[in-house]
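Please look over the sequence and the structure displayed below before reading the briefing.

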Amino acid sequence: VALSNLEISMRALCELGEKDIEEVYRREKYIDFLNRKITDYLVKVNEIELPLADARLIGGLFHVVNDIERIGDHAENFADSAKDRIERGIGFSDKAKKQLHDMTEEVVKILEYSLDMFTHRDPKHMQDILTLEDDIDERERKLQRAHVKRLTKNKCTPEAGMLFSDTISGLERVADHATNIAFAIMDP
């Protein structure tokens with residue numbers, strides 16, 4: 001649900017789909033509900049005396065649930081930015097939209113790999129995840145530098161620049177959460 005919400009929110013941000021924005025908000029309420037219910041259940045399970053391996057797994061699950069909830073929060077932030085773009089008439093260039101689309105594709109891929117690793121308890125995607133994490137970090141740095149150049153050359157409004165900068169920073173943080181999810185299966 002969080003992965004799907006990320007994709008919908010980024011589509012809303014680039015294409016300004018009001019129905020997509022509302023869908024993100026609706027799904028975020030569900031993500032928050034699941035987060036509370038799963039966390040409550042994990043607390044109850046954690047009160048039981050468990051074998052060490054199971055106790056470690058429960059500890060990892062707490063972190064994974066939190067990371068997934070945070071990804072949902074970032075998607076909601078992107079929907080808020082889309083709403084802001086609509087209300088304030090803030091435009092994005094085609095180039096900026098393409099850059100956001102390309103970065104989103106990488107972030108979706110790292111999240112899919114991480115969720116697959118976690119679900120199947122199989123580290124087969126670890127190297128892909130580490131490579132993608134480095135690529136996403138570098139992409140964020142390059143896009144931030146390019147953004148500053150556009151601002152200084154008056155090729156971008158400060159309002160659009162702020163939303164763009166916040167979005168690429170948020171996408172990079174989503175990739176960090178995805179990496180955390182992948183590492184949750186590794187032995188401490």
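The points below cover aromatic pairs, salt bridges and surface patches.

This is a predicted model, in which local features need pLDDT of at least 70 and side-chain atom pairs count only at pLDDT 80 or more, whereas totals for chains, interfaces and linings use all residues. Residues are numbered from 1 along each chain as its sequence is written, and side-chain values use heavy atoms, with hydrogens and water left out.

**Aromatic pairs**

- A search of the whole structure finds two aromatic pairs, where rings of Phe, Tyr and Trp (its six-membered ring) pair if their centres lie within 6.5 Å, and planes under 30 degrees apart count as stacked, over 60 as edge-to-face and the rest as tilted.
- The pair of Y30 and F33 is stacked, because the ring centres are 6.5 Å apart and the planes stand at 20°.
- Both Y30 and F33 belong to helix α2 (residues 18–46), where they are three residues apart, about one turn of the helix; helices are DSSP runs of H or I with at least four residues, numbered from the N terminus.
- Y30 counts as partly exposed because its relative accessibility is 43%, and F33 likewise counts as partly exposed at 38%; buried means under 20% relative accessible area, exposed over 50% and partly exposed in between, with a 1.4 Å probe and protein chains only.
- F92 and F164 form an edge-to-face pair, with 6.5 Å from centre to centre and 90° between the planes.
- This pair links distant parts of the chain, since F92 sits in the loop between α3 (52–88) and α4 (94–120) while F164 is in helix α6, 72 residues apart.
- Both F92 and F164 are buried.

**Salt bridges**

- The count comes to 10 salt bridges, each defined as a side-chain nitrogen of Lys or Arg within 4 Å of a carboxyl oxygen of Asp or Glu.
- R11 is joined to D20 by a salt bridge in which the closest N and O atoms are 2.8 Å apart; R11 is partly exposed, with a relative accessible area of 38%, whereas D20 is buried at 16%.
- D102 and K98 meet through their side chains in a salt bridge of 2.9 Å, N to O, and both lie in helix α4, four residues apart, about one turn of the helix.
- D102 counts as partly exposed at 21% relative accessibility, and K98 counts as partly exposed at 47%.
- K124 forms a salt bridge with D116, in which the closest N and O atoms are 4.0 Å apart; K124 counts as exposed at 55% relative accessibility, while D116 is partly exposed with a relative accessible area of 23%.

**Surface patches**

- Patches are made of residues with over 30% relative accessible area and no salt bridge, like charges being joined within 9 Å and nonpolar side chains (Val, Leu, Ile, Met, Phe, Trp, Tyr) within 5 Å.
- V1, Y30 and F33 make a nonpolar surface patch of about 280 Å², with accessible areas coming from the Shrake-Rupley method with a 1.4 Å probe.
- A positive surface patch is formed by K95, K149, K153 and K155, where Lys and Arg count as positive and the place of a Lys charge is taken as NZ.
- Within this positive patch, K153 is found in the loop between α5 (126–152) and α6 (158–183), and K153 counts as exposed because its relative accessibility is 57%.

Key: Helices (H or I, at least four residues) and strands (E, at least two) are DSSP runs, numbered from the N terminus.
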